[in-house]
Amino acid sequence: MVPSTSSNVAAEAGRRRTFAVISHPDAGKSTLTEALALHAEVISEAGAVHGKSGRRGVVSDWLEMERSRGISITSAALQFAYGDAVINLLDTPGHADFSEDTYRVLSAVDSAVMLLDAAKGLEPQTLKLFDVCRYRGIPVITFINKWDRPGREVLELCDELTERIGLQPMPLTWPVGVAGQFRGVLDLVDGSFVRYTRTAGGATAAPEERLDPGRAEEELGAEWVSASEESELITAAGGEFDAARFLDASATPVLFGAAVLNFGVRHLLDLLVELAPRPSARLDVDERPRALDAPFSAFVFKVQTGMDPAHRDQVAFARVCSGVFERGMVVTNASTARPFATKYAQQVFGQQRSTVETAYPGDVIGLVNASALRVGDTLHDGKPAVRFPGLPSFAPAHFAVARPADLSRAKQFRKGIEQLESEGVVQVLRSDRRGDGTPVVAAVGPMQFEVAAHRLDAEFKSPVKLDHLPYTTVRRLTDPAQRSVVDSGGRSEVLTRTDGTELALFVDDMTMRIMLRRNPDLALEPLVAEGSA
Ligand code: GDP
């Protein structure tokens, strides 16, 4: 047993850095994860985290659907020690069919690393994930990857951050050498040059070679001068490093590197340890902070069913918010006031599971046999009781009318839809206009529909018939009295989500703009996330 003194909990929490990597598919997230873990020596050889063909895969593959596609739909956490710090890297699936699960992971982190491909810059999925970071005020470190290959101009990439997402770049390094002929980086903190060296396959962490500025200029000449001059342009334009602006999420430190060659990765880890926010007191539903050293509390940010096909088990992932978690403790689920036994707490990353004995604020625990737990639930030990705000619903992008394929199973179908909604697998929308209570299911990513269909069939024995609706643009209708305006167009309608939000749906952006032009009073708001969190 670990004595859970206050100072012990505060010190352990202070060592934690809990973050996620947000990126578009192929930007190099798996490669970066491997490289980070390599530095921390969790896994002996780069490649072990990757699930793609040809490499040893430990990426979680639960449903067969996931296995057959060779991707990871689900999220879990990788924990490793780096120096005195304990790093919790939460996995956000990078696949294009990503879902609300991906967003929910961001409710459990204290910071994020935005990973960009140097040749592509900001891509759609990165933007969507960044929106959630912005909504939650999560500080973001930017890592511009693949610098070993021809890419875009550095200044252009920096401008893109300012212009498209209003985030001031604060470069901490600057690439030296023209695209494709990468020499290394200028370290803007101490002015030295860090030489880029290749290691075979990036499989080992290369020793770092540094030159002082004088030597660097002698050796690199014009390339060095141009890097110095360019970087000065950014610092002069408000890009001087300021930790406070990182923490208030108005600016982002930027690093350049090549994950596949392990270049810049140690710098990123050091930066996370030095700069990234530690776990702090989380606000409860009444906006009172729950002190880190209060008795154990955690909230469930993800529930995953059927990870182990042999057992159809359900694992709930919870982030510890206060106190010490000890396996075996019986905690209370604040939503139901029922006890929950934690005998089978695990750490889950990919197929690797290990039993968690003790966890501190910032850590993620996987609770097995968790059919009683829902996304957003709070778990706590003893008194005082605490309840954290539920997780928000995110702006859905896919819509389908859901009907039971077999009408004799209509009752089970209704139960199933209710269950899936309560678990946050899909959102459920309704409209009087659609009559007979036929639900429209809505999702951030289409794969959520597949999961829902699979479960309705397998668990409720009620196969579903989905008729997809053509909507692509969604806004929140702030004045319900204006419902008829949106409903009057043939290419738009208003649906009410179970949480009461009125969603105005349009076939495309143009349809919405035309309607707004004709009805200038129509009050529509962007919808990133709605709810109590
Ligand atoms: P993910 O989809 O974001 O997880 O991306 P992966 O880690 O699978 O990387 C996508 C591709 O980019 C793979 O072929 C990687 O080898 C490659 N890649 C990743 N990082 C780098 C890098 O720094 N330089 C180059 N040239 N390729 C990289």
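**Talking through the sheet, its helices and the ligand**

Tutor: Let's start with helix α10 (residues 265–275), which lies across β1 (16–23), β2, β3, β4 (111–117), β5 and β11. Relative to β11, helix α10 runs at about 155 degrees. Keep in mind that this is a predicted model.

Student: How do you know which strands are the edge strands?

Tutor: Look at the order first: 7 strands run β2-β3-β1-β4-β5-β11-β6 in an open sheet with mixed pairing. β2 (77–82) and β6 (168–171) each pair on one side only, which is what puts them at the edges. From one strand to the next, the twist averages 30 degrees.

Student: What makes β2 and β3 count as paired?

Tutor: Two strands pair if there are at least two bridges between them. β2 and β3 (residues 85–90) have 6 bridges, in the antiparallel sense, so they pass that cut-off. Within this pair, F80 stands opposite I87 of β3.

Student: And how do you know that β5 pairs with β4 and with β11?

Tutor: Same test! β4 and β5 run parallel and are joined by 6 bridges, with D117 having N145 as its bridge partner in β5. β5 and β11 are also parallel, over 3 bridges, and T142 sits opposite V254 in β11.

Student: Why is β5 called mostly covered?

Tutor: A residue is buried if 20 or more other C-beta atoms lie within 10 Å of its own. In β5, 6 of its 6 residues are buried. V140, T142 and I144 point one way, while I141, F143 and N145 point the other way.

Student: Why is the unit of β4, helix α5 and β5 called right-handed?

Tutor: Picture the strands pointing away from you: the path from the first strand over the helix to the second runs clockwise, so the name is right-handed. Here that path goes from β4 over helix α5 (residues 124–136) to β5.

Student: Which residues are the closest to the ligand?

Tutor: G28, S30, T31, A258 and V260, out of 16 that surround it. Helix α2 (residues 29–40) gives the most to this shell, with 3 residues. By type, the shell has 5 nonpolar, 6 polar and 5 charged residues.

Methods: Residues numbered from 1 in each chain as written. Predicted model: local features only at pLDDT ≥ 70, side-chain atom pairs only at ≥ 80, totals over all residues. Helix = DSSP H or I, 4+ residues; strand = E, 2+ residues; numbered from the N terminus. Axes fitted to C-alpha atoms, helices over the stretch in contact; angles between N-to-C directions. Contact = placed C-beta atoms within 7 Å. Near = placed C-beta within 6 Å. Nonpolar A, V, L, I, M, F, W, Y, C, P; charged D, E, K, R; others polar. Buried ≥ 20, exposed ≤ 12 C-beta atoms within 10 Å, placed from the backbone.
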